[in-house]
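Trainee: I am new to this one. Could we go through it residue by residue?

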Amino acid sequence: MQLLYNHKIFLLFIGGLFSLLLTIAVIYIKQLTKRETERKRLEEEKRFQPEAVGDIDAKLEDSVEFKKPNIFQELTKWGIQPLLIISFISLFEQATEVEIIGTFFLVILTLFHEFYLAEKFSIASKYQFTILAIWIFFFFLLSYKTNIRQEKQATSVINTKKYHSFLAVHYSVTNTTKTH
Amino acid sequence: MEIVILGNKESFQLTENNIPLEIRLIAPNLAQSNSLFTIIYDGYTLRINPDDCYKIAENIKGKSPIEVHFALNRIIEDTQFSNSFFNKSLTEVSLFKALFLIYNWVEIAFTDAYAVSIGSKIYNEFIIDYNNQVGSQQDIYFIRKELITNSNKIYLNKLIEVNLLVKLNMLGGDTFGNFETYFIPLIKPGVSRDYFTSQQDPTGEKSYTFWKKILADRDARLNSWMKNRF
């Protein structure tokens, strides 16, 4: 279980998450400003064209461009690119096949996501859970791989130390035998 | 070929009335004959030639009700008909405009029966009422074919009553086939949640979710067009 958590990877993911949240915050604020401007315009219009406007809140909510943004939908829409960048970063440190395959999978998924899936399914909770599951899966995968690598390095360091001490002893022994 | 539009001409928000308005455009196949078009507007019959029909469609695009009245005055000789547009409500004029937008949209079907399949043009598609001005444009959106079932008829009729949908029949006989569809009209007022209640649906919950389903389809369609241009 300890193998599935790596602090360095955790920080990397926190960075990715914050970049995502920043994007969402900007989108949210922009959308709300737009919505308020449109609301003022509709209030003006309602005075001389009441039958075209009707209930202002319902009218705004029914339109394509002035809807109140759904935060989970936006998170899903923008959620795949930070993960792609995280997995690219993880490639710099002696990546194995698994990480390379994972990154390629993400590249292909990003293409599908941007061109088709995001528009169609980002409102569906199943798709939102899928994206979340991919994030969690990649967190565990990268943590696990990094932990394994660190352990290997640690053992190799110990081995080389052992080897060096062995050599030192060996040479000292041979040297002493030579002197005799 | 016949286009029949059926909608509520009163604004339900203001009057709480449902007065059905039927507009019918009867046209011959232009490849075979060049006879006159017939428009039956709420029982009043008007006969115009095909060129005028095209001219009206072009001239009232993106225009306000008063401009529609002037455009009709210029083109149609029957002044009684065009003058009756002087004091028509916005909702009613938007239905009349919708007829001509749809006529323009499927016009090729009037000349060549095999050039285009009408079915692909009137389900999950939209027509923009382009007004040459900066700002958001009004549009007509045809709902998906899967939503038009007998069990959904109650909700569809409720939405027609509150001015959110209009029924469209395309009667083409043997050569074209007959189609039935519904579309969101140009003037779509914001309808608050309370107006969705009906006898079959006392809480209005089902009609409301049905309406939201239509809107989700429309948003997906419009967004995919805005993003990818197809």
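Predicted model: local features only at pLDDT ≥ 70, side-chain atom pairs only at ≥ 80, totals over all residues.

Trainee: Is B:Asn124 buried, partly exposed or exposed?

Mentor: Its relative accessible area is 26%. Buried means under 20%, and exposed means over 50%. The value lies in between, so B:Asn124 is partly exposed.

Trainee: What is the phi of B:Asn124?

Mentor: The residue is not a glycine, yet its phi is positive. The value for B:Asn124 is near 50 degrees.

Trainee: Now B:Asn163. Is it buried or exposed?

Mentor: B:Asn163 is found in the loop between α7 (153-161) and β7 (166-171) of chain B. Its phi is positive too, near 65 degrees. The relative accessible area is 4%, and the cut-off for buried is under 20%, so B:Asn163 is buried.

Trainee: Which strand holds B:Phe142?

Mentor: B:Phe142 counts as buried, at 0% relative accessibility. Its contacts beyond four places in sequence include B:Trp105, B:Asn124, B:Leu168 and B:Phe183. The strand spans residues 138-142 of chain B, and B:Phe142 lies in it: β6.

Trainee: How far apart are the C-alpha atoms of B:Phe142 and B:Thr111?

Mentor: Along the chain, B:Phe142 and B:Thr111 are 31 residues apart.

Trainee: Which residue of β4(B) stands opposite B:Ile39?

Mentor: Start with the strands. β3 (residues 37-41) and β4 (residues 44-48) of chain B pair in the antiparallel sense over 5 bridges. Opposite B:Ile39 stands B:Leu46.

Trainee: In the hairpin of β3(B) and β4(B), which residue takes a positive phi?

Mentor: The hairpin has 2 residues between the strands. A positive phi near 55 degrees is taken by B:Asp42.

Trainee: Last, B:Thr197. Which residues does it touch, not counting those up to four places away in sequence?

Mentor: First, its place: the loop between β8 (178-184) and α9 (205-228) of chain B. B:Thr197 is partly exposed, with a relative accessible area of 33%. It touches B:Lys158, B:Pro202, B:Thr203 and B:Gly204.

Trainee: What separates the C-alpha atoms of B:Thr197 and B:Ser207?

Mentor: B:Thr197 and B:Ser207 are 10 residues apart along the chain. The separation of their C-alpha atoms is 7.7 Å.

Note on methods
Residues numbered from 1 in each chain as written. Chains lettered and ligands numbered in written order. Heavy atoms only, no water. Helix = DSSP H or I, 4+ residues; strand = E, 2+ residues; numbered from the N terminus. Buried < 20%, exposed > 50% of the residue type's maximum accessible area, 1.4 Å probe, protein only. Contact = heavy atoms within 4.5 Å. Pairing = 2+ DSSP bridges.
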